[in-house]
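Subject: Structure handover and findings

Hello,

Here is the structure for you to look over. My notes follow below it.

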Amino acid sequence: MHDKTVLASAALLDWRVKNPAADATRLGAHLTSVRTAFDAQLSRLDQERPQAERLRRLMQITYATPDTAITGTQLTAMLGVVTGRDLAQVVLTRVQRLTGAQQGLDLDAAYAKARAGLWTAVHDRARTDAVFAAVWRAQLGAAAPGQPFSLDPAATTATLKVIPAVREQVDLDALVTKAQTGKTAFYTEVLRQFALLQAKYDNHNGQLVQQVKTMSLSESRPGSDTVAPPPEKVEAAKKAQASRQQAIDKVKGGLDFITGVAKYVDPGFGNKIAQYVETAYQVATTTNTLITAIGTLASATAIGAGTLGYVGAVIGAVVGLVQIFAGLFGGSSGADQAAQQQIMNALNAGFANINANLKTLHTTMNTRFDRVDQGLNLIFQTMQLKFGEVIELIKNVGANVREVHEQLLTLQSTVQDYNKALLDGISDSNKDEFLVAAGQYVDYPFYNNGATLPTYANHYVPAVSRFLAIANNTARNNNFAYQDLNQRDPRIALTAKGPAGAIDWLANHANASYGTSFAVSASPGNVPNADLWAQGARAYYLTALQNPAFAGQEGPAQNRASEIIDNGKLIRDRAAQFSTPAPGTGSRINPVFQKLVDEYLKRLGEFTKNVGGLARTTPVMDAGREFSLFDDANQALNPEQLAKLIDRPAESKGCGNPQLTGPTPAFVDGKSLPQAFQVGRYIEPRWRLDVCVDNPTWLRGHKSFLGRRTVNGVVYIRYQAKAMLEVEFRERVASPEYGPVLGRINHARKELRWCTWEEEEGRPEEPNCPLPALDRAMADPAPFTLRAAANVDGAGVAETTRLLSSRRAAFYDLVAHRTNVDGVGEAVELNKTVRLYQAYAQVGLPRATATDDQLHALLFGMHGLAANTPGLPILSAVYARAAQLERANNGNGPLRVELLDDAEAGRPPMDCAVFRRAGKDPISDCLLGVAGHRGDRINARIHYHFSGLVNGTQTETLPLVDEAITNLELARQYARTKYPAGVAPRSGG
């Protein structure tokens with residue numbers, strides 16, 4: 001591993017400076033002891049962690065190796081790297097130096113600078129110290145397996161140019177020749193070779209981005225119903241990543257060589273190239289890691305940093321660009337302005353390609369980002385926009401990049417799950433005084449031309465005392481550490497202080513609810529807020545490292561540093577209770593997590609079982625009109641329900657002819673309408689029975705004898721004729737949504753007296769009298785009699801189906817709203833459980849949560865455990881989407897609720913319509929099935945990680961706390977070693 005070579009070289013060089021007369025045996029023995037310690041103590045797990053952690057671990061091992069010159073120039077420079085000691089460039093607010101973002105994600109540029117300085121020092125020493133050169137060459141420069149060449153620290157250009165790795169990337173002869181000709185020719189040659197290497201970089205990056213695009217379509221998505229890849233696939237993914245990285249590293253080596261040569265001739269010219277080189281390398285490397293994370297989703301142990309780490313690392317690359325631009329590598333102006341412009345043109349083109357790739361990645365990855373963590377999409381998009389701003393700013397020498405740098409650091413803090421916003425929102429006078437002190441004393445040398453603090457007693461002691469107080473006292477007070485151990489609602493405890501400020505509360509809750517026996521401390525010895533403690537710790541070690549003599553004056557005991565470290569270890573150890581495997585055999589999952597999955601499944605079942613009670617409230621059902629919301633339009637109604645259909649109109653209107661208006665016959669009562677209409681009228685009282693009369697037809701009736709009379713011997717017979725009026729009484733249903741819809745036709749007839757006349761006996765006549773007017777006929781008291789009646793086939797089904805669908809949509813809307821405002825008791829309990837799940841994982845399994853995309857997605861992604869938690873209202877969103885779909889398809893189409901689609905890659909998306917059954921809510925049943933299986937999957941992931949904890953392939957500690965403890969221990973050991981007897985006070989303080 002290259003980092004081992006770097007730290008071993010630094011240790012060797014510093015030891016040699018301290019022991020210039022030592023022979024090769026002693027020098028070689030010391031180097032062997034360092035390398036042996038690396039091999040023995042740097043675990044496989046350490047090697048797979050982010051570079052910042054890996055470097056700190058190597059520093060710890062180096063410091064622990066006997067006889068190491070830890071206060072030497074090179075190791076002191078490396079100490080500055082791992083602690084972020086010198087990263088004050090363009091920091092807008094000093095608190096950003098204390099969040100841990102820089103120490104975790106922004107060390108790349110500083111490390112590159114330190115490496116460059118180290119290799120120059122190694123080369124210079126080797127040219128004058130044959131013993132040093134021989135030892136370095138024998139142990140560190142020896143050809144590695146598969147590498148057909150060795151390295152010589154005293155190599156000349158003639159030696160270097162025959163090394164394949166150099167020869168393939170750089171034309172060294174051309175650079176030397178052009179440099180001898182003059183600066184202009186040299187610049188032109190550098191630009192030519194830079195362009196060739198830049199094209200290789202662009203090609204590699206383009207291939208990586210294309211592979212991400214391809215894999216995003218073929219590989220399973222985080223949170224989905226997928227199985228762990230077989231071990232051979234994981235190993236193949238690792239090998240493929242190593243192969244891709246080797247190609248990237250070769251190009252980086254060539255560009256580093258170009259940068260170094262350019263710096264030798266013109267530092268400003270070289271620094272401009274470095275801006276691109278470091279940024280492009282980090283983006284390519286992290287994208288390469290992302291490919292492996294996508295391809296090994298749900299593997300037994302997380303590989304690399306996962307999607308979360310990818311986003312953080314890319315932001316770190318942009319921050320590194322800002323650091324270099326702001327002068328981390330030295331001056332940025334060059335002597336040849338024409339060449340400067342040429343290199344800027346080339347750099348701008350390179351940055352534009354990087355930005356275009358980032359845009360493509362965002363477009364490709366936005367679904368994955370949402371699935372891993374709801375906030376990642378916005379974070380990445382914001383970062384990509386800020387990168388564009390940085391590119392524009394660096395075109396102008398002297399541009400102010402402080403604001404965009406501040407925004408990038410804030411994004412990093414969010415990625416690291418550092419609760420900066422929560423801490424910023426808490427009002428506390430001690431915190432305010434701490435921030436004032438940090439603003440005065442942290443980075444004092446940077447703002448005062450390299451001078452340390454003026455005095456020990458009047459400046460250093462007040463500063464570090466304040467930092468000690470914030471870490472040990474303020475971080476414990478009730479503003480930052482939740483102390484009401486009797487509070488049963490986790491949302492109150494966790495929202496107020498965050499999980500980092502509720503470690504004692506979480507332990508006590510587990511004891512009370514899950515039968516554990518975790519250690520719990522009450523105030524004033526309670527566990528401090530981890531985030532605020534770490535701020536105080538970083539302020540302390542930065543100030544100590546920037547003022548080493550004053551740190552030495554603290555004396556060998558280093559009491560203040562030790563007190564802060566002890567409190568950090570208290571945080572670490574108490575948090576570790578939640579990741580301590582249970583006794584026994586197997587995965588030995590901690591009882592907290594086993595109880596949580598059981599509780600989650602129970603709460604989910606209770607919610608889906610009882611949420612249907614909301615259907616019996618308005619606006620879903622009117623009071624006294626309950627029905628089966630999830631049965632069809634022809635569902636049965638009991639006599640009591642039918643009795644409510646009393647809306648028969650007293651008068652029937654003409655369907656189109658007003659003359660047909662008349663009393664509604666008794667047999668037209670709406671009770672025989674098609675069942676669907678009866679159901680609709682019952683559900684919605686505004687659906688009214690509407691009767692109209694249509695199709696009048698007159699039929700001549702028989703004539704009847706009324707009497708006779710004789711006049712002048714002539715007999716006259718009196719007759720009466722009757723007419724039959726046949727009509728249709730059309731029973732319709734009218735509603736605000738629809739015009740009257742026909743449901744039943746009643747064919748009726750009434751017999752009317754038409755006219756009377758006389759005729760001579762034996763001389764019959766036809767009556768010559770008009771038919772009655774329709775309005776008079778309708779008003780005639782003679783009753784209509786029913787001759788026949790028939791319902792219209794299928795009448796009312798479509799309308800009532802839509803009505804039912806609208807009520808289902810109203811139900812889903814109501815559930816969405818009520819779950820969002822704590823209006824459903826079972827949902828509240830479910831929310832509490834999931835919030836606890838998240839908190840215990842954040843504190844107890846922080847590394848697994850950060851590196852395991854599947855686990856993180858199930859906890860914090862939009863396809864995670866079903867509940868409403870801060871910023872992640874999955875439960876409400878599911879029902880809100882169901883309402884939209886119900887309205888769109890009127891209860892007949894698909895119900896593809898995207899948040900419930902956990903289908904594995906290549907399988908059709910989940911359609912909750914498959915859960916449609918008579919009387920059953922398909923969404924709640926779908927939610928129970930899908931979200932319940934998520935509980936099973938997260939349980940499986942946690943079992944995987946506990947198996948790793950049991951067999952030693954994993955460890956679980958809070959990364960930000962680990963970083964602060966480690967850097968404090970390094971700073972303490974540095975002070976003890978540099979000043980073993982302390983430092984006598986200087987005159988004047």
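In helix α22, these residues are buried: Tyr456, Tyr460, Val461, Ala463, Val464, Phe467, Leu468, Ala469, Ile470, Ala471 and Asn472. Bear in mind that this is a predicted model. Their cover includes α20 (429–441), α25, α26 (548–553) and α27 (559–576).

Ala457 also sits in α22. Its relative accessibility is 41%, so Ala457 counts as partly exposed; buried would require under 20%. Ala457 is 485 residues from Ile942 in sequence, and the two C-alpha atoms are 51 Å apart in space.

The N-terminal end of α22 is capped by Thr455. A side-chain oxygen of Thr455 lies 3.2 Å from the backbone nitrogen of Asn458.

**Two helix pairs**

Helix α22 spans residues 456–472 and helix α25 spans residues 530–546. They pack at about 160 degrees, with axes 7 Å apart. Angles over 145 degrees count as roughly antiparallel, and α22 and α25 are therefore roughly antiparallel to each other. The crossing is left-handed.

From α22, the contact uses Tyr460, Val464, Phe467, Ile470, Ala471 and Asn472. From α25, it uses Leu532, Trp533, Gly536, Ala537, Ala539, Tyr540, Thr543 and Ala544. Sorted by class, the contact of α22 with α25 has eleven nonpolar residues, three polar and no charged ones.

The second pair is α32 (residues 797–820) with α36 (residues 874–889). Their packing angle is about 165 degrees, and the axes are 8 Å apart. α32 and α36 are therefore roughly antiparallel to each other. Their crossing is left-handed.

On the α32 side, the contact is made by Ser805, Arg808, Ala809, Ala810, Tyr812, Asp813, Val815, Ala816, Thr819 and Asn820. On the α36 side, it is made by Leu875, Ser876, Tyr879, Ala880, Ala882, Ala883, Glu886 and Arg887. This contact holds ten nonpolar, four polar and four charged residues.

**Backbone exceptions**

Most residues other than glycine have a negative phi, and most peptide bonds are trans.

- Ser523 to Pro524 is cis, with omega near 10 degrees. Pro524 lies in the loop between α24 (503–514) and α25.
- Thr618 to Pro619 is cis, with omega about 5 degrees. Pro619 lies in the loop between α28 (591–610) and α29 (639–642).

Two are non-glycine residues with positive phi:
- Asp822 has phi near 60 degrees. Asp822 is in the loop between α32 and α33 (825–844). Its relative accessible area is 42%, so Asp822 is partly exposed.
- Asn890 has phi of about 55 degrees. Asn890 is in the loop between α36 and α37 (922–951). Its relative accessibility is 28%, so Asn890 counts as partly exposed.

Arg244 is found in helix α13 (residues 231–265). At 16% relative accessibility, Arg244 counts as buried. Arg244 and Leu885 are 641 residues apart in sequence; C-alpha to C-alpha, they are 45 Å apart in space.

Gln198 lies in helix α12 (residues 183–218). Its relative accessible area is 9%, so Gln198 is buried. Leaving aside neighbours within four places in sequence, Gln198 is in contact with Tyr276, Ala346, Ala349 and Gly350.

Best wishes

Notes. Residues numbered from 1 in each chain as written. Predicted model: local features only at pLDDT ≥ 70, side-chain atom pairs only at ≥ 80, totals over all residues. Heavy atoms only, no water. Axes fitted to C-alpha atoms, helices over the stretch in contact; angles between N-to-C directions. Helix = DSSP H or I, 4+ residues; strand = E, 2+ residues; numbered from the N terminus. Parallel < 35°, antiparallel > 145°, perpendicular 65-115°, else oblique. Left-handed = near helix turned anticlockwise from the far one by under 90°. Contact = heavy atoms within 4.5 Å. Nonpolar A, V, L, I, M, F, W, Y, C, P; charged D, E, K, R; others polar. Buried < 20%, exposed > 50% of the residue type's maximum accessible area, 1.4 Å probe, protein only. Polar contact = N/O pair within 3.5 Å; in protein donor to acceptor, adjacent residues only side chain to side chain.
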